Amino acid sequence: MTEPADAGSARTAQSAENRVWPTVIAAFVALLLVSLFDEEERFDELALGAHTISRFATYEGSPIHTHQVDEIDAVLKASNERSPTKQVLWLGNSMLHSINRASDDDETATAILFARWQPLGTELLTLSFPNATMPELLTGYVYAASRLENLQVAMVQLTFDDFRAADIRAGLQPLLQDGATHDTLETSPTGRELLKTQTTVVEDTELAGLRDTVQERSEKQLNEWLGQYWPTWSQRPTARGRLLSELFRLRNTVFGINARSKRPLREATYQQSMAAIRALVAAAKTNGTTVLLYVPPLRTDVDPPYIAAEYDRFQQDVRRLATEEGALFANFGDVVPGPLWGMIAAANVGGEPDYDFMHFQQAGHALLADAVENALRVQRPETFE
Amino acid sequence: MIFNSVTFLAFLCVVLLLYWTLPRRARLWMLFIASLTFYGFWRWEYLPVMLGSAVTDYLVSLRIAATENRKRRRRLLLISLVVNLGLLFYFKYLQFTVDNVWVGLRALGVVTPPPILDIILPLGISFYTFQTISYTVDVYRKQTEPLREFVLYGCFVTFFPQLVAGPVLRLAEVTPQLDRRPKFTQTAFAGGLRRVLMGLFLKVVVADNLSPFVDAGFEQDVATLGAIDVWTLAFMFGFQIYCDFSAYSHIALGCAKMMGIEFPENFNFPYAASSPKDFWGRWHISLSSWIRDYLYLPLSGARFNVGKTGSTGGLQDAVTEKRSDTRTRALFLTWAIMGLWHGANWTFVFWGVYHAVCVFVFRATKGARVRLGPRLRRWGGWAITLPIMMLSWIPFRARDLGHTFALYAKLFQPGGYVRLGMRENIYLIAALMMMAFGATYFASTQVVPRLRRSPALFYTVETATMVIVIGLAFIFLRPIQQFIYFQF
């Protein structure tokens, strides 16, 4: 009796499925591909592109401007040790630490103002986090304020773009565990909501699923051992970051999203962000700290990525909030003219560099520094007396 | 020990090597100690709880089998139930009970807050207590003889692939395979390895990356959400919990298969179900069959037919039951208990009753459905069943009943269908997941059988698929989240 013509093929395919070697070959190829991601990348700066650099000012070897949680204490401690008469804290996003089309001796607004104010006994310190949300600025303020000995003014940059999110990134969540920060946040409904989002901080968020277990220790040791002896293992975070950023770019390409695409307001996070700023001003009031809320410069030579009516509403809301809460207000929207901005890396696959609506050149930093100083001299002259 | 970790992979390699090289008795003791070690890597101090439950049922079952006196057998069974359900009540439901008693006391004017008992829920307690209860009940029903060899029994109860989150196994399903190690075949090993890798992919690449979106959505102020947001959250959590739980099952079945041991399937494309009954024949099959055999059938007064039970899934009838009102009462009570089994919160009870209503309506409309053509029953049924089943995940994930009802209320607000309240990416990902599920179902049922006719093409596609699966699982392998069903 003969078998059907395709019985042999079916049997062969069936037997192929039952073999280990396709899986072994696949594992080899997969690991080879992963091993190609051998370059370290700063993903928080990936979006800036080649045109823009980050610069964090220092004074006599000590940082006065940082975006890293583990450096904040160094910034605050060094300033306290210098015993300035007055301390000013500046909170914002990457606009404060990025210079578009930078040359070697370009300075940020922080460096410019620090040099100007320090002889007057006033020290400027800056905390700026890429895409800083308002809850993050609130947390940063409360943490720093509990440690600074002569804090007089907090200048808070309110970027409309950053009102589209209201979470606190994992890297900043350790600040919520600080006793003084925790106690201050507990006094407001917004602060209590923030604290709910983080009950326990793990040293390594990669092991969060193993918190308080025996396996946490073994996993940590095995990871360290593998990272030490197998380079491909330690390349995984880079591979992950690259994959996710390429998926982001692919999404933008498919949907035609670029730096100029209109970003609509999201009411939920907008309200949460406004509540966070209210809580910041309230916390500052109890410390006797004056708050300057300002709308940052916006590029106006190109149609900005905001819906005009929503952006108008935002500016009015900030002004109203400042009035109601007893904070100072300034609008620096027109301070930096179009030619002093720059370009940003393409947000889609194969695209050209696009208009940068967040980061300007050195001259823009100088103009921002002047605008900030003028606002303080008019609204709070005792800052410099 | 968590599956998605380097520690577990190292553990598995060592266990497999010893499993295939040791003689029988040493192999069984190795498996038993390895399983205890697996559990102890979570918290070793809870090992006595698990061993206490296991030893109780071991001894009770031997005593039951040793006597024909019905009253004595029943008393012994009661001991087992009291110990196991007592443990479950203490660790899982005591705080819940206290909180609810305090609600009553508050109504009587008591102002002090309820005591916080600070009881940690032992990992897997809901699973291993059910497994040992089923063993004792089967001995009581004379469906099986008790195991006299303690180490073999210990392996059955604590077998690490299924210890923490199932599948809930019957004695006859696994013990003969533990007792006599099957012959090593490349078929089984290769198949098991592929399942483990696929499970890791579903967990660390898919489920863990869906989680932040789902968490953010459910934490968002309900007032800012619309109807489309609620539908999106329901589907997203449905995708997350399926990928998470089926991942666990894949890894569990895969590990067992690498030892030559076949577990019953726990999932069978549940989101392709054409009715609520069909859904429960495809989702967490081992649990729904356990509930049928040990809860629903006894409650409905049905005669227990040995030949028609086992882990085939669903609340199917083993025999013709008695009156329909008895069946209905049994249906609702069973589902309420099944809901409560998942968690000590009224949301889970609501979830259970929701499914009971679905099954009840399905039964009640049988007359109308039989008049429909098979295609309409299949695809029309799917189009109705899928959204209903997805919506059932809202109470499963919501904080409390108030949150649940607030979310459900959004579905009836027409204005909520014209605005979006969450980050744009979540809608995109939900749409992509829906397409991916459809594509996977189509590929599994239509494409793969055809591919098998061409070995060269099959090799190529198989290898290419595994490159993606292994590469991504390798990149994303981190124990950042426990499995969702660990909390049960």
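**Ground rules**

I number residues from 1 along each chain as its sequence is written, and chains are lettered from A in the order in which they are written. Because the model is predicted, local features need pLDDT of at least 70 and side-chain atom pairs count only at pLDDT 80 or more, while totals for chains, interfaces and linings use all residues; side-chain values use heavy atoms, with hydrogens and water left out.

**Entry 1: where the chains meet**

I began with contacts, meaning heavy atoms within 4.5 Å. I found 47 residues of chain B in contact with 52 residues of chain A. How much area do chain B and chain A bury between them? I noted about 4300 Å², with 65% of it on carbon and sulfur atoms. Buried area here is the accessible area (1.4 Å probe) that two parts lose on being put together, summed over both.

Next I looked up salt bridges (a side-chain nitrogen of Lys or Arg within 4 Å of a carboxyl oxygen of Asp or Glu). The rule finds one across this interface. E424(B) pairs with R164(A), and their closest N and O atoms are 3.1 Å apart.

Which elements of chain B supply at least two residues each to the side that touches chain A? My list is α1 (6–19), α2 (24–43), α9 (186–219), α19 (424–451) and α20 (455–476). Helices (H or I, at least four residues) and strands (E, at least two) are DSSP runs, numbered from the N terminus. α20(B) gives the largest share, 13 residues. By class, I wrote down 26 nonpolar, 13 polar and eight charged residues for this side of chain B. Nonpolar covers Ala, Val, Leu, Ile, Met, Phe, Trp, Tyr, Cys and Pro; charged covers Asp, Glu, Lys and Arg; the others, Gly among them, are polar.

**Entry 2: a sheet in chain A**

I traced an open sheet of six strands in chain A, in the order β4-β7-β5-β8-β9-β10, with parallel pairing. Strands pair if DSSP finds at least two bridges between them. The edges are β4 (65–66) and β10 (328–331) of chain A, each pairing on one side only. Two bridges join β4(A) to β7(A), residues 122–128; H65(A) has T126(A) as its bridge partner there.

Helix α12(A), residues 308–325, packs on the sheet, touching β9 (290–295) and β10 of chain A, and its direction makes about 170° with that of β9(A). For such angles, axes are lines fitted to C-alpha atoms (for helices over the stretch in contact), and angles run from 0 to 180 degrees between N-to-C directions.

I also followed R313(A), which forms a salt bridge with E267(A) at 3.0 Å, N to O. R313(A) lies in helix α12(A) and E267(A) in helix α11(A), residues 267–287, so the pair ties together parts 46 residues apart in sequence.

I spotted a cis peptide bond from G166(B) to P167(B), with omega near 5°. P167(B) sits in the loop between α7 (160–163) and α8 (171–179) of chain B.
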